[in-house]
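Q: I have a model open here and would like to talk it through with you. Could we start with a single residue and then move on to the larger elements?

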Amino acid sequence: MEIKEFGVNNKKKLLFLHGAVTKAQWYLPSIEKLSQKWHIYVPIYQGYEHPFEDSFQSVENTADEIVEFCKEKGIDEFDTVYGLSMGGVIALLLYSYDRIPMENLILDGSTKPYEYPKIITQIVVQLFCLSIDLMRKSKSVIQFFFPPERWGLSDENGIYDEIHQFFNQMTRKTIRNSFETCLNYKFPEKLPKNDTKFHYLYGEKEGGGKDNAQFFQRIYPSLIQKVIPDCEHGELCMMKPEEFYSVICEIVG
């Protein structure tokens with residue numbers, strides 16, 4: 001797994017973990033904005049760039065690879081770890097198993113582990129995979145799920161073609177493992193006791209955001225929730241870099 005770095009001359013370190021079935025490149029405006037203040041580390045998940053045939057294995061495996069990278073680079077702490085959606089699950093695994101010290105942990109729309117019977121969870125995973133399969137077949141389906149008038153995307157700059165190509169480059173194993181493992185992770189029996197400041201962000205228009213936030217609040221009582229007005233899941237980080245930067249600075253100073 002490659003880890004790209006931005007703002008390398010900055011002293012404070014921020015680990016940026018993006019969401020499932022999306023390219024790190026799509027977050028560059030927000031990453032570059034953050035790099036004005038932090039030294040940013042951005043893992044490129046296995047199976048998310050060439051060679052695509054090396055499929056994504058699991059959120060647990062990805063956390064292991066990040067830990068190994070930190071050991072090799074002599075990184076013993078992050079000022080901030082930010083995780084969007086599946087990236088937040090990876091961040092939770094790093095924090096909950098006390099693998100990398102961090103001053104601030106920010107989860108953005110991350111999903112709680114599913115508590116339903118296994119068969120129900122498998123059906124949910126199949127539905128997620130089906131949605132990607134439909135988008136792999138037709139660019140118009142992508143436009144249906146991400147309408148240009150809502151997401152500010154334009155077919156003129158080829159972004160829908162790029163999304164369509166990316167979905168078709170990923171293996172089905174990568175897509176399935178991404179969804180399946182980020183819905184079926186486990187917490188340790190004993191959580192670490194430290195001074196990490198815990199934050200949970202979710203969009204006002206994000207389905208399940210409040211429920212997920214309340215779940216994590218029960219596990220981590222000191223968690224601070226923040227609702228992002230007029231935003232869908234991941235919209236702040238992906239589409240509003242200036243506002244995203246302001247929110248992160250407001251949270252961690």
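Q: Is Asp-76 buried or exposed here?
A: This is a predicted model, and in it Asp-76 counts as exposed because its relative accessibility is 61%, where the cut-off for exposed is over 50%.

Q: Where is Asp-76 found, then?
A: Asp-76 sits in the loop that runs between α2 (59-73) and β4 (78-84). Its C-alpha atom is separated by 18 Å from that of Thr-62, and the two residues are 14 apart along the chain.

Q: Switching to the sheet, in what order do the strands come?
A: The sheet is open and has 7 strands, in the order β1-β3-β2-β4-β5-β6-β7, with mixed pairing. β1 (2-6) and β7 (224-228) stand at the edges with a single partner strand each, so one side of each has no neighbour in the sheet. From one strand to the next, the twist averages 20°.

Q: And how many bridges join β1 to β3?
A: There are 5 bridges between β1 and β3 (residues 39-44), and the two strands run antiparallel; Glu-5 stands opposite Tyr-41 in β3.

Q: Which strands does α9 lie across?
A: Helix α9 (residues 209-219) lies across β5 (102-108), β6 (197-203) and β7, and it runs at about 165° to β6.

Q: What about α4, and what covers its buried residues?
A: Helix α4 (residues 118-137) has 20 residues and reaches 29 Å from first C-alpha to last, close to the 28 Å expected. Its buried residues include Val-124, Val-125, Ile-132 and Arg-136, and what covers the buried residues of α4 includes α5 (139-145), α7 (159-169) and α8 (172-183).

Note on methods. Residues numbered from 1 in each chain as written. Predicted model: local features only at pLDDT ≥ 70, side-chain atom pairs only at ≥ 80, totals over all residues. Heavy atoms only, no water. Helix = DSSP H or I, 4+ residues; strand = E, 2+ residues; numbered from the N terminus. Buried < 20%, exposed > 50% of the residue type's maximum accessible area, 1.4 Å probe, protein only. Expected span 1.5 Å × (residues − 1). Contact = heavy atoms within 4.5 Å. Pairing = 2+ DSSP bridges. Axes fitted to C-alpha atoms, helices over the stretch in contact; angles between N-to-C directions.
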